Amino acid sequence: MVEQYIHLYEKLSLGTAGVCMGLALVLGHMVAAVYPQQTLRLAARACESSAAGRALLVLDFVWIALLLLDVPGNPLRMDLYDFSPARQFLLLACPVVCYIMYAHSGPNLFGRALGVFLLLLGIVPLSAAYLKEPETRILIPLWWYPVLACAIFWVPKPYLLRDWVAWLRLRPGLVRVLACAGAAYGAAVLICALLFWL
């Protein structure tokens with residue numbers, strides 16, 4: 001009988017994922033609620049910064065390469081199942097695509113790189129919540145599905161992130177309301193993680 005391969009993400013407990021996600025949401029949104037203009041100014045600068053986009057792009061492709069790299073002791077190695085024969089091709093294509101995007105980066109590279117980063121990051125808590133027992137685990141996908149939907153649009157249309165940030169900069173009151181709502185959602189995730197998921 002062949003032993004089923006379990007990826008590192010699947011070994012992550014629901015409680016750990018919930019605590020990390022809850023803390024990140026609470027802290028990040030509280031900063032945005034207290035300093036909405038400064039937060040949006042920083043976001044706008046990141047959207048216009050080629051250096052920030054390139055740094056995040058390199059991080060994305062290192063992460064992807066680790067998922068593809070089939071060597072002993074690699075905890076991030078991903079099983080490709082029927083696509084396993086394409087592993088070497090994808091691994092070779094990874095630095096080539098990264099170099100092309102890095103060398104020919106436009107002014108909106110950060111939005112594209114952030115979209116890829118969120119797609120890579122989202123699978124971590126979603127894997128931890130997959131088919132777990134507490135029904136409150138639904139808080140994790142309820143947050144991440146809209147985030148991933150935005151990320152999917154940002155990859156081919158990175159200027160959308162820039163435009164959304166510019167629109168929000170004209171509405172600091174709305175930013176504060178959204179940030180407080182995000183912090184409350186993070187608190188709900190954190191409470192459920194501490195009470196039910198650990």
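In this tour, a contact means heavy atoms within 4.5 Å. The model is predicted: local features need pLDDT of at least 70, side-chain atom pairs count only at pLDDT 80 or more, and totals for chains, interfaces and linings use all residues. Residues are numbered from 1 along each chain as its sequence is written, and side-chain values use heavy atoms, with hydrogens and water left out.

**The whole chain**

Begin with a cartoon of the entire protein. It shows nine helices and zero strands, where helices (H or I, at least four residues) and strands (E, at least two) are DSSP runs numbered from the N terminus. The C-alpha trace spans about 60 × 50 × 25 Å along its principal axes. Of the 198 residues, 37% count as buried; buried means under 20% relative accessible area, exposed over 50%, and partly exposed in between, with a 1.4 Å probe and protein chains only. Among contacts with a separation of 6 or more, 78% join residues 24 or more positions apart.

**The nonpolar cores**

Next, select Phe110, Leu114, Leu118, Ile140, Trp144, Leu161 and Trp197. These residues have the most contacts inside the largest nonpolar core, which has 34 residues. Such a core is a set of buried Ala, Val, Leu, Ile, Met, Phe, Trp, Tyr and Cys residues joined through side-chain atoms within 4.5 Å. Two or more residues come from each of α2 (14–34), α3 (36–48), α4, α5, α6 (109–129), α7 (139–154), α8 (159–169) and α9 (172–197). Apart from this core lies another, of seven residues, including Tyr9, Leu67, Val116 and Val124.

Now centre the view on Phe110. Leaving aside residues up to four places away in sequence, Phe110 touches Ala46, Cys47, Ser49, Ala52, Gly53, Leu56 and Leu161.

**α4 against α6**

Show α4 (50–68) together with α6 (109–129). The two helices pack at an angle of about 35°, with their axes 8 Å apart; axes are lines fitted to C-alpha atoms, for helices over the stretch in contact, and angles run from 0 to 180 degrees between N-to-C directions. The crossing is left-handed, that is, the near helix is turned anticlockwise from the far one by less than a right angle (right-handed if clockwise). On the α4 side, select among others Leu56, Leu57, Trp63 and Leu67; on the α6 side, residues including Phe110, Phe117 and Val124.

**α3 against α8**

Which way do α3 and α8 run relative to each other? Their axes come within 10 Å and cross at roughly 155°, and the pair is therefore roughly antiparallel; the term applies to angles over 145 degrees. This crossing too is left-handed. To display the contact, select Gln37, Leu40, Arg41, Ala43, Ala44 and Cys47 of α3 with Leu161, Arg162, Val165, Leu168 and Arg169 of α8.

Move to Asn74, in the loop between α4 and α5 (87–103). Is Asn74 buried or exposed? Asn74 counts as buried because its relative accessibility is 13%. A polar atom of its side chain lies 2.8 Å from the backbone oxygen of Leu66. Beyond residues up to four places away in sequence, Asn74 touches Leu66 and Leu69.

Tyr81 lies in the loop between α4 and α5. Although not a glycine, Tyr81 has a positive phi of about 55°, and at 57% relative accessibility it counts as exposed.

Finish at Leu131, in the loop between α6 and α7. Leu131 is not a glycine, yet has a positive phi of about 60°; at 65% relative accessibility, Leu131 counts as exposed.

Terms used:
Polar contact = N/O pair within 3.5 Å; in protein donor to acceptor, adjacent residues only side chain to side chain. Parallel < 35°, antiparallel > 145°, perpendicular 65-115°, else oblique.
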